[in-house]
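Q: Please take a close look at one part of this model. Which contacts and packing surround it, and how does it sit in the rest of the fold?

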Amino acid sequence: YAVTNDSLRNSESDIAFVCTGTYLAAKEAFPLDVLAVPVVNGGVVFNSVIVADKNGPERSFGDLKGKVFAFTDKFSLTGHLYIQARLADLKQTSGFFGGTFFTGSHDNSIKAVAEGFADAACVDSLVYQALLRRGDFYAKQLKILEKSPPFGIPPVVARHGLEADIKAKARMILLTM
C-alpha cells in the first residue's frame, strides 16, 4: 500500500485504486484528487470482519486474547487500523494477542487462518464475501466473529497535478462503466 502512495506522490502513477487507510495516510502527506467511489453490490460501504476457523473454539473478539492474529498491511483500514482502534478502545494497546504478523493481502490473511498459521485475522468484508461467492476453499473454512461498523468504500484517485482533461475523461469512464 505504501508503494502505491509513493508512486502517486512521485508522479510515477497517474490514477490508482487505493484502500481507505492508504487514502487517509496519503491525504495527510500530499494532495490527491478523488475521481470516483466504486459501488459494490449496490452499496458504497464495507466492513472489517474478524474471521477465525469455523471449527475453532473462538466465539467472540475476547476469545482472541493470547492468540496469534494476522494483519494484511499496516495501512489497511480493514486489515489493521480497525483492530488497532478496537484494542485502544479496550485499553489493550499491547499484549492482547500472543503474536501478530502481516500477510500482505486480505486473501493471504484468510489463507493463513484456514491453514492454521493464525488463529484469526481481520479482512475486508467485500473480499471475504467475493471469495465465498466463488467457493474459495480457504474462505469456506472460516466464520465471522465480529463485524465493524460500516466504512466508505475506498476511492479511485488521481495524482494532484494530473491534467484536468485526463482526470475528466477517467472520471467519465469510471462513472459510465
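A: **The serine contact and the sheet around it**

The backbone nitrogen of S48 lies 2.8 Å from a polar atom of the side chain of S148. The model is predicted. S148 sits in the loop between β8 and β9 (151-152). Is S148 buried or exposed? Its relative accessibility is 4%, so S148 counts as buried, the cut-off being under 20%. Setting aside neighbours within four places in sequence, S148 is in contact with N47, S48 and Y82. Y82 is one of the buried residues of α3.

Now follow S48 into the sheet. S48 stands opposite D124 in β7. β4 and β7 run antiparallel and are joined by 5 bridges. β7 is mostly covered, with 5 of its 5 residues buried. On the β5 side, β7 runs parallel to β5, with 2 bridges between them. There, A70 stands opposite A121 in β7.

The whole sheet is open and has 5 strands, in the order β6-β5-β7-β4-β8. Its pairing is mixed. β6 (99-102) and β8 stand at the edges with a single partner strand each, so one side of each has no neighbour in the sheet. Neighbouring strands are turned by 30° against each other on average, direction ignored.

V68 has G99 as its bridge partner in β6. V68 itself is found in strand β5. V68 is partly exposed, at a relative accessible area of 29%. Not counting residues up to four places away in sequence, V68 touches G99, F101, F117, A118, D119 and A120. The C-alpha atoms of V68 and V113 are separated by 9.4 Å, although the two residues are 45 residues apart along the chain.

Next, the helix that carries Y82. α3 packs on the sheet and touches β4, β5, β6, β7 and β8. Its direction makes about 120° with that of β7. The buried residues in α3 are L77, T78, G79, H80, Y82, I83 and L87. S76 caps the N-terminal end of α3: a side-chain oxygen of S76 lies 2.8 Å from the backbone nitrogen of G79. After α3 comes K91, with a positive phi near 60°.

At the start of α5, a side-chain oxygen of D124 reaches to within 2.6 Å of the backbone nitrogen of L126. Helix α5 (residues 125-133) has S125, Y128 and L131 as its buried residues. These cover an arc of only 130° around the axis, which puts them on the same side of α5. They pack against β3 (45-46), β4 (48-53), α4 (106-114), β7 (120-124) and β8 (142-147). α5 lies across β4, β7 and β8, and runs at about 95° to β7. G135 follows α5, and its phi is positive, near 75°.

The largest nonpolar core here has 18 residues, of which I50, F61, L64, F69, I83 and F97 touch the most other members. β4, β5 (68-71), α3 (77-89) and β7 are the elements that give two or more residues to this core. α3 gives the most, with 4 residues. F69 shows how these parts meet. Leaving aside its neighbours within four places in sequence, F69 is in contact with I50, L64, I83, F97, G99, T100, F101, A118, A120, A121 and C122. A second, separate core has 12 residues, including I110, A118, A121 and L142.

Methods: Residues numbered from 1 in each chain as written. Predicted model: local features only at pLDDT ≥ 70, side-chain atom pairs only at ≥ 80, totals over all residues. Heavy atoms only, no water. Buried < 20%, exposed > 50% of the residue type's maximum accessible area, 1.4 Å probe, protein only. Arc of directions from axis to C-beta. Contact = heavy atoms within 4.5 Å. Polar contact = N/O pair within 3.5 Å; in protein donor to acceptor, adjacent residues only side chain to side chain. Core = buried A, V, L, I, M, F, W, Y, C linked by side-chain atoms within 4.5 Å. Pairing = 2+ DSSP bridges. Axes fitted to C-alpha atoms, helices over the stretch in contact; angles between N-to-C directions.
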